[in-house]
Amino acid sequence: MALALVACAAPASAQNRDGPVASAPKGMPTATWTPDNGDGTFTNPLFYDEFSDPDVIRAGDWFYLTGTTMHAMPGLPILRSKDLVNWEFVAYALDKLDLGPAFRLEDGQNIYGQGIWAPSFRYHNGKFYIFANVNGQTTQMFMATDPKGPWTRTPMKRSLHDLSVLFDDDGKVYVVWGHQALHLAQLTNDLTDVVPGTERTLFTADAGMGEGAHFYKIGGRYYIISAEYAGGFRMPAARADHVLGPYEVNRAISLHEDFGMAAGARLRQPKPPFEFWPPSPAANHSLAMHQGGIIQTPEGEWWGFSMMDFNSVGRLTALSPITWKDGWPWFGLPGNLMRTPRTWVKPKTATPQRVRVPFQRSDDFSAQQLKPIWQWNHVPVAGKWSLSERPGFLRLHALPATSFYDARNTLTQRAIGPMSAPSVLLDVSNLKPGDTAGLGLLNLPYATLGVEKRTDGLNLVFYDQRRDQAVRVKMAGTRIWLRADCDFLTERARFSYSFDGVAFTPIGDEVVLIYQTFTFQGVRYGLFNYSTTGAEGGFADFDSIHVYQRYTHGLMRPIPYGRSIRLASFHATTGLATSHGRLASGVPTRFEIVDRRLGRVALRSGRRYVTVGEDGGVTLGAGQSGTAQNFQWIETPTGELALMSLATNRFLHIDPQTGDIRADSPGPMPDNSDGARFVWSE
């Protein structure tokens, strides 16, 4: 079916805010998303750009993280952290993976949605291992004694879908893999094959274990944590006293957690004419957390990690407190198991950790090497790009292609939310007829804004693949700024251009941003130059890219400590009110926001506080504030306020039907049917 599109206001222009990134070139924007709120708390996601299929290990007091990179090169980024919140880039385990023409975008072939995926990260006896799947190939094993490298790659003898490796205490090594009916086997001493006769099926297909296994031995017991889709994503777990089983299955240790984000449009048919499933604002939890595992800190705390399909920006990584109960590692807090607070207290560390971010997104191309944020779309062609032919510029030579989608040497970086705007300064004086160079939003469908050289001169060309719409503007001069304002909350983008870097002119219609599972990546910013003549063309020089971000922290608005505010229910004129000394749903009245540290507040009306009982009942009580009066101040991804009671670890809400006020909502619903979203005003 065709997607019915609703008219939407253009995305707000992204603004720069102060934020942490070290050693940026002078004049370049540095603010970028950090989960660290600077007050002892963090807000999910850990990165507001795609980091899918995460796996985390600990070696000493360092945590290391890697994830899926599909067709992008280099692959398998390795990050490290001491608090699971602030991460820094270490290295890529894979420079390039060239296993045939498809990996090079040759002969009309590609590996979109293939390549490196679902890695298993392990540390054993001083060595780091990454086991990763490659479509159409055997599983690849990467090994290093230092996470900075060098890393060696060894193909295994088999392809093991979504594998997870366990080094057991007795020296044996086991692997779990598969979909639904998961398999287990012992690995050979060189870790490249299954020991004959050891393979067995652990579960029936209807046991609820899904795929994406993470295999652990904890306290002498074996655990497998996985991911299952059952009308929405969930995280099942299994446990056994012996590695061979039998395994007991818990069908959900994390369930329905999407932080209240609704599903956007989804691609149904990946070729023109494109077909879509429409957005589902009323659907419940179709973006929920899945495919992750758990880790213990040196301070003895347990934390969970997983990913979420966060619409067109891609699949994001989240961090969850773990509550052990009845021998199961539940994602969530006591009283609200299976649900994760979007904002919570950071993991304990022996010493405070400063704010770090893994990538610097803006680039003036003055370095001798590309910054780690950059990845090529498929294997690059050596000698057809350069940072040295014209120092201070990225030079891309035009190689033959029929479109942006199959253009070789396209340099990409992950788009970042919730809103961002890449702005590129481009010199096109050396294009040849048939060349097109510019800025693209690499997705399916894609959109581009580029400069096209024809025999009669230069044209600025906007192209939206979804609509098969092109807009051309005659261009004078050879130096131009190209910009794409992207709003990953409204799922819209708008291209514009400038000849002075100050005044930007919109071009074309809004672009609809789509999440799809054909390339299995979110939107990526791409710098490209290709020739449609069938032969090599000229070259384009990219002077810089500035990536502006409007929101770089977990709060779009700071907590109004010490101020008096009104709390209105989302999309309503009523809200939290006092009436004759009691709480009621009505015309919102004022409450003073009392600072209780760690991003927590109390709501005071006169000398009384909003108070939550153990059963979730809410009253207006007298006296000093304590746990019963304290709420974690949390924003939904779209900016509404959600107040989580520390008495119940559940959310304050006003029932839209009855007007009842309670603090027993497990979390804000995507369609606000529970009334847990508020909009505050002064």
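Select E389 to begin: at 41% relative accessibility it counts as partly exposed, a class lying between buried (under 20% relative accessible area) and exposed (over 50%), with a 1.4 Å probe and protein chains only. The model is predicted, so local features need pLDDT of at least 70 and side-chain atom pairs count only at pLDDT 80 or more, while totals for chains, interfaces and linings use all residues. Residues are numbered from 1 along each chain as its sequence is written, and side-chain values use heavy atoms, with hydrogens and water left out.

**Salt bridges**

R395 counts as buried because its relative accessibility is 11%.

The structure holds 34 salt bridges. For another of them, select E88 and R356, whose side chains meet at 2.8 Å, N to O. This pair links distant parts of the chain, 268 residues apart: E88 belongs to strand β6 (residues 88-94), and R356 to the loop between β26 (343-345) and β27 (375-377). Strands, here and below, are DSSP runs of E with at least two residues, numbered from the N terminus. Both E88 and R356 are buried.

Next select R339 and E257, which form a salt bridge of 2.9 Å, N to O. These two also connect distant parts of the chain, 82 residues apart, with R339 in the loop between β25 (336-337) and β26 and E257 in the loop between β18 (248-255) and β19 (266-269). R339 has a relative accessible area of 7% and is therefore buried; E257 is buried as well, at 3% relative accessibility.

**An open sheet**

Select β21 to β25. They form an open sheet of five strands in the order β21-β22-β23-β24-β25, with antiparallel pairing; two strands pair if DSSP finds at least two bridges between them. β21 (290-296) and β25 are the edge strands, each pairing on one side only. Five bridges join β21 to the antiparallel strand β22 (residues 302-309), and Q296 stands opposite W302 there.

Move to strand β41 (residues 524-531), where eight of eight residues are buried. R524, G526, F528 and Y530 point one way from β41, whereas Y525, L527, N529 and S531 point the other way.

β31 pairs with β41 in the antiparallel sense over four bridges, with R524 as the partner of R414. Strand β33 (residues 435-442) is antiparallel to β41 and joined to it by eight bridges; D435 stands opposite S531.

**Q413**

Finally, select Q413 in strand β31 (residues 411-414). Its relative accessibility is 0%, so Q413 counts as buried. The Q413 side chain reaches the backbone oxygen of R361 at 3.1 Å.

Conventions
Salt bridge = Lys/Arg side-chain N within 4 Å of Asp/Glu carboxyl O. Polar contact = N/O pair within 3.5 Å; in protein donor to acceptor, adjacent residues only side chain to side chain.
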